[in-house]
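Welcome! Please take a moment to look over the sequence and the 3D structure below, and then we can walk through them together.

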Amino acid sequence: MQANPAVAQVASLITEPSRASILTALMDGGLHPASALASAAGIKPQTASFHLGKMAEGGILTVHTQGRHRYYGISSPEIAQVIELLLSISPPVKVSSLRHSVQDQAMRHARTCYDHLAGKFGVQLTEALRLEGIIAEEANGFSVTAQGEHALKRLGIDLDQVKKCRRAFAPKCLDWSERRYHLAGALGAAILQLLLDRQWVNRLPQTRAVVITADGQKGLAAAFPLTFSVLV
């Protein structure tokens with residue numbers, strides 16, 4: 001068997017502590033300037049620029065230029081999935097303050113995992129979709145049932161467009177805080193975008209956490225009447 005040294009090269013790009021902090025901050029799926037990422041990682045802007053350059057050169061990050069400013073983001077859902085998997089097998093971070101405790105609880109309750117939902121809410125929404133017969137669990141992911149195709153269409157999700165995305169359709173993603181699977185991939189991203197567009201969930205500033213709105217409570221109760229009780 002021939003070894004692949006490129007694996008070590010990729011691993012070296014994401015396992016350095018400052019880089020790991022930057023990548024975790026980018027798991028909100030957004031684009032951020034170097035200054036914000038330096039602050040999130042607790043390092044100097046010059047140090048952040050060095051690390052960002054190395055990760056961009058290695059294909060881990062993408063760089064978007066707007067005028068004189070550069071914005072960085074994770075380059076693919078596959079990279080995000082690797083980071084989430086590493087988070088799921090990492091020891092928990094020690095809570096050092098009341099503020100940290102509040103942020104940690106919010107993240108564990110409901111957050112984005114790159115471009116789909118995670119946390120207790122993400123896992124339980126996935127379970128609700130399964131119990132309602134909208135999706136079926138398989139060995140390596142989820143599939144949409146015939147009943148589910150109609151239900152998702154009523155919700156406003158165009159499955160034909162979702163299936164055209166050049167990525168996995170509905171893979172499982174191991175949730176780092178719940179230690180269970182949530183729905184990821186193109187379908188997971190479409191569901192999150194729908195909830196954001198309808199303002200059923202809102203992003204919290206400077207964090208990956210999201211909050212379920214009053215309209216979201218009503219909308220989810222109407223969409224999943226049999227299993228909404230788990231979505232708390």
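The paragraphs that follow visit a helix, a hairpin, the nonpolar cores and the cysteines.

Keep in mind from the start that this is a predicted model. After the helix comes glycine 59, with a positive phi near 85 degrees.

Next, let us follow the chain to a pair of strands. Strand S2 (residues 61-66) and strand S3 (residues 69-74) run antiparallel and are joined by 6 bridges. To see how they line up, find histidine 64, which stands opposite tyrosine 71 in S3. The hairpin of S2 and S3 has 2 residues between the strands, and here glycine 67 takes a positive phi near 65 degrees.

What about the interior? The largest nonpolar core has 30 residues, and those touching the most other members are Phe121, Leu125, Leu152, Leu187, Ile191 and Leu195. Several elements give two or more residues to this core, among them helix H7 (119-131), helix H8 (146-155) and helix H10 (185-197), as well as strands S7 (142-144) and S11 (210-212). Which element gives the most to this core? That is H10, with 7 residues. Another core lies apart from this one; its 26 residues include Leu13, Ile22, Ala38 and Ala41.

Finally, look for the cysteines. A disulfide is a covalent bond between the sulfur atoms of two cysteines. How many disulfides does the structure hold? The number is 0. For cysteine 113, the closest cysteine sulfur is that of cysteine 173, at 4.0 Å, which is too far for a bond, because a disulfide needs the two sulfur atoms within 2.5 Å. Cysteine 113 has 1% relative accessibility, so it counts as buried. For cysteine 165, the closest cysteine sulfur is in cysteine 113, and at 17 Å this is also too far for a bond. Cysteine 165 is partly exposed, with a relative accessible area of 35%.

How values were computed. Residues are numbered from 1 along each chain as its sequence is written. This is a predicted model: local features need pLDDT of at least 70, side-chain atom pairs count only at pLDDT 80 or more; totals for chains, interfaces and linings use all residues. Side-chain values use heavy atoms; hydrogens and water are left out. Two strands pair if DSSP finds at least two bridges between them. Helices (H or I, at least four residues) and strands (E, at least two) are DSSP runs, numbered from the N terminus. A nonpolar core is a set of buried Ala, Val, Leu, Ile, Met, Phe, Trp, Tyr and Cys residues joined through side-chain atoms within 4.5 Å. Buried means under 20% relative accessible area, exposed over 50%, partly exposed in between (1.4 Å probe, protein chains only).
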